[in-house]
Amino acid sequence: MRTLLLGVLGCSLLLCVRAMYSASDDVVELTPSNFNREVIQSDSLWLVEFYAPWCGHCQTLASDWKKVATALKGIVKIGAVDADQHKSLGGQYAVKGFPTIKIFGGNKNKPEEYQGGRSSQAIVDGAMNSLRSLVKDRLSGKSGSSGYRKQSGGDGRKEDVVELTDDNFDKLVLESDDVWLVEFFAPWCGHCKNLEPEWAAAATAVKEQTKGRVRLGALDATVHQAVSGRYGIRGFPTIKIFRKGEEPEDFQGGRTRGEIIERALDLYSDNAPPPEMLEILGEGVLKNTCEDSQLCIIAVLPHILDTGAAGRNGYLEVMVKMADKYKKKSWGWLWTEAGAQMDLEASLGIGGFGYPAMAAINTRKMKFALLRGSFSETGIHEFLRELSVGRGSTATLGGGVMPKIHAVESWDGKDGQLPVEEDYDLSDIDLDDFFEKTEL
C-alpha cells in the first residue's frame with residue numbers, strides 16, 4: 001500500500017501517464033518507425049496530435065480525441081505522437097507546445113496546424129472541412145494522392161547532405177569534432193534511390209535541431225573506392241556512424257526520416273555537454289530555465305563563509321556530474337546560496353537549516369519534491385531515479401504560485417570575506433570620566 005501511495009505521489013510531480021492511448025482506442029499511436037508508412041505514404045487525411053504525458057491540457061483533450069477517432073473511423077485517420085518520448089518527430093514538425101494538432105492533407109510534407117476548438121464536435125467539424133477541401137482539390141487536379149510520391153525531395157534540402165569524396169573525407173569527417181552519419185551508396189542501387197529523400201529530409205532536420213553538431217553525408221562508393229574499400233563496404237546503402245577518435249560503427253536503426261532523426265538526436269545527446277548550471281540571480285533566470293523544462297532541479301548551497309570556494313565547488317561538481325548523467329531528460333539545473341532567496345526556501349520548506357538542500361520543481365503543476373538523502377552522487381542519483389520512475393513524495397509549492405525571486409550579485413568564485421569593522425580611535429577618551437557618568 002505504501003509503495004502504491006508513493007507511486008501516485010511521485011506521478012503527481014512527473015505525471016507518469018505514459019500510455020494516454022491504448023490498442024483498444026481508435027487513435028493510432030505513431031512513432032518514428034511507423035510515421036512515414038502510416039501517415040506520409042497514406043492517401044488518407046490525417047489529424048495528428050503531438051502530446052506530452054505530463055501536459056495537463058493533453059490529458060484533458062485525450063477523452064475528446066478518442067471520441068473523434070471513433071466518430072471519424074473509416075473517414076479520417078486520427079493519430080497521436082508522444083512528442084516527449086519521440087522528440088525527433090516533434091522537432092521535425094516544429095512542435096513548440098502541447099497539445100499541437102497537425103492536419104496532413106494533400107501535401108503530406110507540409111501539414112497545416114489545426115487552429116479550431118478542442119471539443120470533440122469542433123475537431124470533427126474541422127476535420128470534415130479539411131476533407132471537403134482535399135476532395136475539391138483532387139477534383140480540380142491540384143493535388144495527387146500522396147505528397148510523398150509527388151515530391152521525391154521530401155521536405156529536406158538536398159544540399160544539407162554533405163557530398164563526400166576520397167579527397168575530402170578525412171578532413172571533413174575524421175578530423176571533425178562533430179558526429180557524422182555517412183551513407184555509402186551506388187547510383188544504380190534501388191534501395192539507395194528510395195533512401196535519398198528520407199536522407200535529405202533527415203539531414204535538414206538534424207542540422208537544425210543539433211545546431212550542426214551531427215551531420216549527414218553521402219559517398220558514391222563506386223567512384224570513391226579508396227574510402228569505401230577502407231571500411232569494407234560490400235552492400236548498398238551502408239550507413240556508418242563516425243565519432244572523432246573512435247572506430248566507426250554500423251547504423252542499426254530504421255531507414256525512415258523519423259528513425260534517422262531519432263538516432264541522430266540520441267547521438268547528439270550522448271555527445272552533448274551537460275546542461276548549464278546557473279546561479280539564480282533574478283526572476284528571469286528561474287522563469288526561463290524552469291518554464292522550458294519538465295523539471296527544474298534547484299540546490300540551496302551553504303553560505304560561502306561556511307564552506308569556502310573549495311567546498312562550494314565540490315557541491316557544484318556533484319551537480320554537474322548528475323546533470324550530465326540525466327542530460328537526456330532536458331531538465332533545468334539551478335543553484336542559490338542559503339539566505340539569498342528566502343521566499344524560495346520558505347515555499348520549499350527548506351528555510352534556515354539543513355544545507356545543502358535540493359528540490360525538484362514542476363512549475364506547470366506547482367509541485368515539488370525534496371532530496372531526503374545525502375547531497376552526494378549516490379544520494380542525488382537515487383532521488384532523481386525515484387522521480388524518473390514515478391516514485392517519491394511530493395507537495396504543492398507554497399501558495400500554489402512561484403515565490404518572489406530577488407536580484408542578487410553573482411558569486412565571484414572566491415572565498416567569502418567577513419565584513420570589515422570600522423576602527424575607532426579611543427586615545428582621546430577619558431575612560432574614568434566615562435565610567436563615572438555611567439555609574440549606577
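Reader: Are α3 and α5 parallel, perpendicular or oblique to each other, and which word should I use?

Author: Happy to start there, with one reminder: this is a predicted model. To describe a pair of helices, look at the angle between their axes. Here α3 and α5 pack at about 45°, and their axes lie 9 Å apart. The two helices are therefore oblique to each other. The crossing of α3 past α5 is right-handed.

Reader: Which residues meet where α3 and α5 pack?

Author: For a question like this, list the contacts from each side. From α3 come L61, D64, W65, K67, V68 and A71, and they meet S120, I123 and V124 of α5.

Reader: How do I read the length of α5?

Author: Compare its span with the one expected for its number of residues. Helix α5 runs over residues 120–140, which is 21 residues, and its first and last C-alpha atoms are 30 Å apart, close to the 30 Å expected at 1.5 Å a residue.

Reader: Which residues of α5 are buried, and why do they fall on the same side?

Author: Think of looking down the helix axis. The buried residues of α5 are I123, V124, G126, A127, S130, L131 and L134. They cover an arc of only 160° around the axis, so they sit on the same side of α5. On the other side, Q121, R132, K136 and L139 are exposed.

Reader: What covers the buried residues of α5?

Author: Look for the elements in contact with them. Among these are β2 (46–51), α3 (56–71) and β4 (100–104). That brings back α3, the helix packed at about 45° to α5.

Reader: Now a loop, please. Is K327 buried or exposed?

Author: Find its place, then its accessibility. K327 lies in the loop between α12 (304–325) and β13 (332–337). Its relative accessibility is 18%, below the 20% cut-off, so K327 counts as buried.

Reader: What does K327 touch beyond its sequence neighbours?

Author: Leaving out residues up to four places away in sequence, K327 touches S269, D270, N271, A272, P273 and P275. Take P275: 52 residues separate this proline from K327 in sequence, yet their C-alpha atoms are 6.4 Å apart in space.

Reader: And how do I read the whole chain?

Author: Step back to the totals. The protein chain has 15 helices and 16 strands. Of its 440 residues, 47% are buried. Among contacts with a separation of 6 or more, 78% join residues 24 or more positions apart.

Definitions and conventions:
Residues numbered from 1 in each chain as written. Predicted model: local features only at pLDDT ≥ 70, side-chain atom pairs only at ≥ 80, totals over all residues. Heavy atoms only, no water. Helix = DSSP H or I, 4+ residues; strand = E, 2+ residues; numbered from the N terminus. Expected span 1.5 Å × (residues − 1). Buried < 20%, exposed > 50% of the residue type's maximum accessible area, 1.4 Å probe, protein only. Arc of directions from axis to C-beta. Contact = heavy atoms within 4.5 Å. Axes fitted to C-alpha atoms, helices over the stretch in contact; angles between N-to-C directions. Parallel < 35°, antiparallel > 145°, perpendicular 65-115°, else oblique. Left-handed = near helix turned anticlockwise from the far one by under 90°.
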